[in-house]
Structures are given as C-alpha cells and as structure tokens.
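Look over the fold first, then follow the chain through its sheet, its helices and its charged pairs.

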Amino acid sequence: MGIFNKIKNIFSNNNENESSIQNNDKENEKFNEKNVESIKIYEKGLVKSRQNFVSRLVNLTNKYKKINDEYFEELEEILINADVGVETVINFIDKLKLRVKKELIESPEYLKEIIVDELFVIYVGDEIISNKINYSTSGPTVLLFVGVNGVGKTTTIAKMASKIKKEGKSVLLIAGDTFRAGATKQLEEWSIKVGVDFVGKSEGVDPSSVVFEGLERAVNNSTDVVLIDTAGRLQNKVNLMNELEKINRVIGKIIPNAPHEVLLVIDATTGQNGISQAVAFKEIAHITGIVLTKLDGTAKGGIVLAIKEKVGIPVKYIGLGEREEDLQSFDIEKYIYGLFKDMM
C-alpha cells in the first residue's frame, strides 16, 4: 500500500469515527485525544496551501484524460509555484516520468496518488527522521535559537518555553540578542507571561557574557531546559559566525556537549528567501533542526520539502497559527494529510 492510501485510511477513518478509537490498537495509537486535536490543527493551518496547491492538482487531473508532455509541464509549474524548489521539481518530474514509463501508467487519476507517495519520499528518503528534541540526561538541556529578525523567533521561544513548562520541567530564557533594539525587553515580557525564569542585560552588551551568567544560574538552580535567543544579523555573516562561535564556546565550557539543539527559525511566507537563509545559516552554524513559522499564512506548503531536499536538515516544529498549541512537532504524515486531505 502506497503512503497516499495508508494516510488516507488512517486519518480519514479517524475523522469519520473518533469515538471508536482504541488506544491499545497499534495502528490507531496516533489517535489519543491529543493527537486528534493535533490533526485538526494541521488541517486548519494548511487550508491556504491546500486550497491553492491541491485544487490545482485536482484541476490538472480533471483536465487530462491521458498523461502527456503538456501534463508534465503544467505539473512542473504547479510544484514550482508551491515553493517546492526548481532543482527539486526537475528531479521529481524526471523520476515521475521514469515511473510512468516503467509501470505503463496512463491515468492522471492514478498518478495523483503516486505524486503524493513520491513527495513523501523526497522528505523521508532512506533515513529515519526524528523530530524529537534531544534532551540531556544529566544537567540542563540547552536549546540555541538562530534566525534573522522578523521570522517569529522570540514568539517561538516563548511558545516552546510554555510547552516545556507544562511538561513539568523548569525553564530559563536567556536574551542573547543584545543587538536588536527591544529584543531583551520583549523576551523578558514573554518570560513573565509564560511564568519562567529569565536572564538579560542592556543593549550592546557582549551576548556571550549574558549567556555565561544565564547558564551559571541554570546550573546552580538545577534548571531542566535553557532556551537562548541570538542576534540575526545575517547580512554580516562573518560577525555573526564569530559571535555564535563565542557563544558556543561559553556554552560548552559551562555545560559539556551543549548546546544540545541549534534550531533555525524560518518564516514560511518568505518562500525561496527562507530556503536561502537555511543554506546561509548552515554554513555558519551546526543547525540540528528547523522551526518553520507562519505556515498557515502561505499558500505555498511545498517549502517543507524544499528545505529538507536543499539543506538536509529536519523540520522539528511548524507554526500553524498564533496560539501556543498551533506550534506543533512536525509529523510528515499529518502534514501530507493536511495538505492533500481534499484529494483523499
């Protein structure tokens, strides 16, 4: 069974009869109450992408009775417009053509299922992708956040701090962005709203000194998780690289093997520019995961696939709205379902 039909069977059946869910059924273990709500958030958050991307695929399927060169040209245009990325699309179309030829596929209706299957393969490949945060088993877990200004980095940190706190862990926020005016104050205000500890200094202070002070407090107070904000001056990569290297040295000196995660925050609405940011940050920092914000605000959901294909870094969280619960751990099957629901 292809991934299209597998996801269709699992998620569609769940929607039809949520009350019949059995938590001890392995195939349905996704569907405890929390996951049912998560699926609904994916559905709602991907409405714009679904209406644009999938409606065009459906129209394409209805337009052609047989697969031909014109069909593939239009499919290529649809995928590029969905921000899947030109290079990724070209490779994808070539692979699709080979499969059509080998399996003697003529029906666009049947091919649409294969398209979903192959898009899934683009993200997963041959590897097991983990979207889990790498928590430390001893001492504070350190999560370092990077990304340009305006991508929702501070808000993301606050949402994650709140989620972690609700899991029963103690949290400390460190305002390592001492360059942007108001950044420290903004993070401090969020720490008060969320109800977690905070360390910050005035603008212009060496960020590594703020990190040093914060981590010392975290160690002394046996804090479980530390979230560190950083400056996003990508236009001067050399300075930013030097700053991040210094911060990493300070972190490693106080807490060996930290940071445990370096999360790059990207605004999904920026499309190919966001992918360029991922490429640039990968050159100057050891990125372990991506947080893709504002995915609900774009009709171009293919950026998830393009980022994975282009930089080889897993998406660990996606933002599907303004609420705290709209920041979701990334699940490729829920994403595929939320994106292609109207075809299933």
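Arg-217 has a relative accessibility of 30%, so this residue counts as partly exposed. Buried here means under 20% relative accessible area, exposed means over 50%, and partly exposed lies in between, with a 1.4 Å probe and protein chains only. The model is predicted: local features need pLDDT of at least 70, side-chain atom pairs count only at pLDDT 80 or more, and totals for chains, interfaces and linings use all residues. Residues are numbered from 1 along each chain as its sequence is written, and side-chain values use heavy atoms, with hydrogens and water left out.

Arg-217 forms a salt bridge with Asp-197, and the closest N and O atoms are 2.9 Å apart. A salt bridge is a side-chain nitrogen of Lys or Arg within 4 Å of a carboxyl oxygen of Asp or Glu. This pair links distant parts of the chain: Arg-217 sits in helix α9 (residues 207–220) and Asp-197 in strand β3, 20 residues apart. Helices (H or I, at least four residues) and strands (E, at least two) are DSSP runs, numbered from the N terminus. At 29% relative accessibility, Asp-197 is also partly exposed.

Two strands pair if DSSP finds at least two bridges between them.

Now look at β1 and β5. Strand β1 (residues 141–146) pairs with strand β5 (residues 261–267) in the parallel sense, over 4 bridges. Leu-144 stands opposite Val-262 in β5. Contact means heavy atoms within 4.5 Å.

Helix α11 also takes part in a charged pair. The side chains of Lys-237 and Glu-283 meet in a salt bridge at 2.9 Å, N to O. Lys-237 belongs to helix α10 (residues 237–254) and Glu-283 to helix α11, so the pair ties together parts that are 46 residues apart in sequence. Lys-237 is partly exposed at 32% relative accessibility, while Glu-283 is exposed at 53%.

Which residue does Arg-323 meet in a salt bridge? The partner is Asp-326, at 2.9 Å from N to O. Arg-323 is partly exposed, with a relative accessible area of 37%. Asp-326 is buried, at 6% relative accessibility. Elsewhere, Lys-95, Arg-99, Glu-103 and Glu-118 are linked in a network of salt bridges. The structure holds 22 salt bridges.

Turn next to a loop residue. Thr-298 lies in the loop between β6 (289–293) and α12 (303–311). At 7% relative accessibility, Thr-298 is buried. A polar atom of its side chain lies 3.0 Å from the backbone nitrogen of Lys-300. Leaving aside neighbours within four places in sequence, Thr-298 is in contact with Lys-48, Ser-49, Ala-268 and Thr-269.

Is helix α13 (residues 332–340) enclosed or open, and why? Of its 9 residues, 9 are buried, so α13 is largely enclosed by the rest of the structure. Among them are Ile-332, Tyr-335 and Phe-340. At the start of α13, a side-chain oxygen of Asp-331 comes within 2.9 Å of the backbone nitrogen of Glu-333.

Phe-340 also meets Leu-57. Leaving aside neighbours within four places in sequence, Leu-57 is in contact with Leu-75, Ile-78, Phe-340 and Met-343. Leu-57 lies in helix α3 (residues 47–63) and is buried, at 4% relative accessibility. The C-alpha atoms of Leu-57 and Leu-75 are separated by 7.5 Å, though the two are 18 residues apart along the chain.

Finally, the whole chain. Its secondary structure comes to 13 helices and 8 strands. Of the 344 residues, 53% count as buried. Among contacts between residues at least 6 apart in sequence, 74% join residues at least 24 apart. The C-alpha atoms fill a box of roughly 65 × 50 × 30 Å along the principal axes.

Technical notes: Polar contact = N/O pair within 3.5 Å; in protein donor to acceptor, adjacent residues only side chain to side chain.
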